[in-house]
Amino acid sequence: METSFYNGLERYRAQTAVVDDTGVTLTYEDLENYAKKIGELLPQRSLAFCYCENTAGSLCSYIGCLYNSVVVLLLNRSIDKELNQELMNRYKPSFIFAPVEDRDIYSDYSDMYTEHGYMLLERGNKTSICLHDELALLLTTSGSTGSPKLVKQSFSNIQSNAQAIAEYLELDGEERPITTLPMNYTYGLSIINSHLQVGATICMTTKGILQKEFWDFFRQQQATSFGGVPYTYEMLKKLRFFGMKLPSLRTMTQAGGKLTPKLHKEFAQYAKEQGKRFVVMYGQTEATARMAYLPYEKSLDKYGSMGIAIPGGKFELIDVDGKIITASDTVGELVYYGPNVTLGYAEGLEDLKIGDERKGKLITGDMAKRDEDGYYYIVGRKKRFLKIFGNRVNLDECERMLHTEFVQNECACGGVDDKLCIYYTGSSMRGQSSISHDFDTEKGEEIGKKMEQFLSHKTGLHPSAFVSMQVEEIPKNDAGKILYKELPAIG
C-alpha cells in the first residue's frame, strides 16, 4: 500500500497550501498537522463519506483521509437526498465529514471533531468491512443520475496522474489555481491533486464565474489558472471574457466534454494574442482524471483535437473486431493504457475488497480518429452517455427514472452534449413523487415541462440542459427496442 503522495506534505511545510474565500489560509504544515489529528481519531482502512464544497475545511477532510489510508467517497454537499440515502444504505460509512451547518442532516451520527468549518462524525453501530489494500478513493462516474455505481481509485492511480499532469502543464510552486469545478468531480479534484504535488497554492471559492465575487477573489488572490468544461467556456464568452483585465492569468485548461471547434479556436487565438496558455484535455473518472492533452503550442494548429496521450500513457484505436487500426484518419474505438487506469467499479460493500480488474487497460467507449501527426480527435460515443455541463449523464438511467415517475407515458432520451432531449408520447398520466403533482388534466406540452423539471431536480443540473419533444410514438424494432436513430433531431 503506497501513500507517499500525501505523506510528502512536509516537503513544502512553510508554503501556503490553500486560501479560501472565507478568509482561511493554511500552509502545507497546517494540512499535515490536521491530517495527523485525523489519524489519531480514525482507524486505518475504515470508510468515510465526505460531503464536499470548495473550502479549506473540505480539502482538509480529503487530505486527512488519504494521509491516513482511510478510504473516502467524495460527494457533492448538495447531493440528491434519495441518492445519498441509497449510497448510505449500500456502503454504510463509519465516518462522515460535512460542513457544520449540515449537522441536523446526520442525526444518527455522533460528533468527534470540528475544524475549519467541517465536522467529523461517527456512526454508532459500525459495519465490519473489508477494503482492498490498494483502494484509496471512491468517486461517482461524474454523473448525477441516481446510480450508486462508484469508481475505485488506488493510491498509485492518484499519484501517477497528478505527476503526469504536473509534468505536461509544467506546474511549480508559484502556481495559484482558482476553483471553478466541484472537488468531488474528477476534473476538479485532478486540479487540486496536481498542484499539491508541486507545492502550489489552491485558491478555493464557492462562488461561480457568473458572480462578481468570483472575479473579485480571482484578482485579490492573483490567480494564475482555472479549468472549465465546455459550458464554462460558453459562459465566459457571453461574459465578454476576452475583454477582461486579468494580468495574473497564465493558463486555462478545458476538459469534461468536447468544445465546439469554433469555440476552441477562439480561445486558442485569444491565448496566443495575450501570451497565455490554453490546454484542451481529455479524460474519464475511470482513468483517475486525464488521459490526453493538446500541447498549448498546438492549440491553434490542431483545434478540435483532444491531443496526445499524457506522460506514461498510450492510446490505440480498435475496429469492431477488436483489431488495432494503424491507418490515419480512420475511426475506431479508443483504448487507453496507463498507470492511472483505475481498479474497477463498485456497486456495494462487497466490491470494495476486490483488487485491480482492469490491469492498466481502459476501453473508453469513445469513437475517435488519429491524424497523420498522431493527434486524436473524438468523433462520438459508442455507448449512451452525454456530457452535460461537464457531468456524464447516462441516458438509459434517465429513461429509467422517467419510466418510474411517469408510468403512463412512453419516453426516450437522446440529444447532444449539453442538451438532453426527452421524447415522449402525450397520453395522460399521474406522477408518483412529491414534486410531480397530479397530471391527469394537463396537456402534452405541460407534461414535457414536468419531465424536464423532474430530471433537473433528480440530476441537480440546470433546467437549460433539458428540452422535451412530444412525438406520436416512440419508434421500436420487432424486438421492442427503441430505434434511437429514428427519433427527430433537436434544433
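Guide: Start with burial. Buried means under 20% relative accessible area, exposed means over 50%, and partly exposed lies in between (1.4 Å probe, protein chains only). Cys-413 is buried, with a relative accessible area of 0%. Two notes on the source: this is a predicted model, where local features need pLDDT of at least 70, side-chain atom pairs count only at pLDDT 80 or more, and totals for chains, interfaces and linings use all residues. Residues are numbered from 1 along each chain as its sequence is written, and side-chain values use heavy atoms, with hydrogens and water left out.

Visitor: How many disulfides does a search of the whole structure find?

Guide: A disulfide is a pair of cysteine sulfur atoms within 2.5 Å. The search of the whole structure gives zero. Take Cys-413: its nearest cysteine sulfur belongs to Cys-398, 5.2 Å away, and Cys-413 is in no disulfide. Cys-421 is in no disulfide either; for this residue the nearest cysteine sulfur is that of Cys-413, at 8.4 Å.

Visitor: Is Cys-421 buried or exposed?

Guide: Cys-421 is buried, and its relative accessible area is 0%.

Visitor: Now the charged pairs. How many salt bridges does the count come to?

Guide: Apply the rule: a salt bridge is a side-chain nitrogen of Lys or Arg within 4 Å of a carboxyl oxygen of Asp or Glu. The count comes to 22 salt bridges. One of them pairs Asp-102 with Arg-77, at 2.8 Å from N to O.

Visitor: Where do Asp-102 and Arg-77 sit in the chain?

Guide: Helices (H or I, at least four residues) and strands (E, at least two) are DSSP runs, numbered from the N terminus. Asp-102 is in the loop between strand 5 (95-99) and strand 6 (109-115). Arg-77 is in the loop between strand 4 (71-76) and helix 4 (81-91). The two are 25 residues apart, so the pair links distant parts of the chain.

Visitor: What is the accessibility of Asp-102, and of Arg-77?

Guide: Asp-102 counts as buried, at 11%. Arg-77 is partly exposed, at 30%.

Visitor: Which other pairs meet in a salt bridge?

Guide: Among them, Arg-103 meets Asp-111 at 3.0 Å, N to O. Asp-111 is exposed, with a relative accessible area of 52%. Glu-122 and Lys-126 also pair, at 2.5 Å, N to O. Glu-122 is partly exposed at 23%, and Lys-126 is partly exposed at 37%.

Visitor: Which residues do salt bridges that share partners join into one network?

Guide: Arg-13, Glu-29, Glu-32 and Lys-36.
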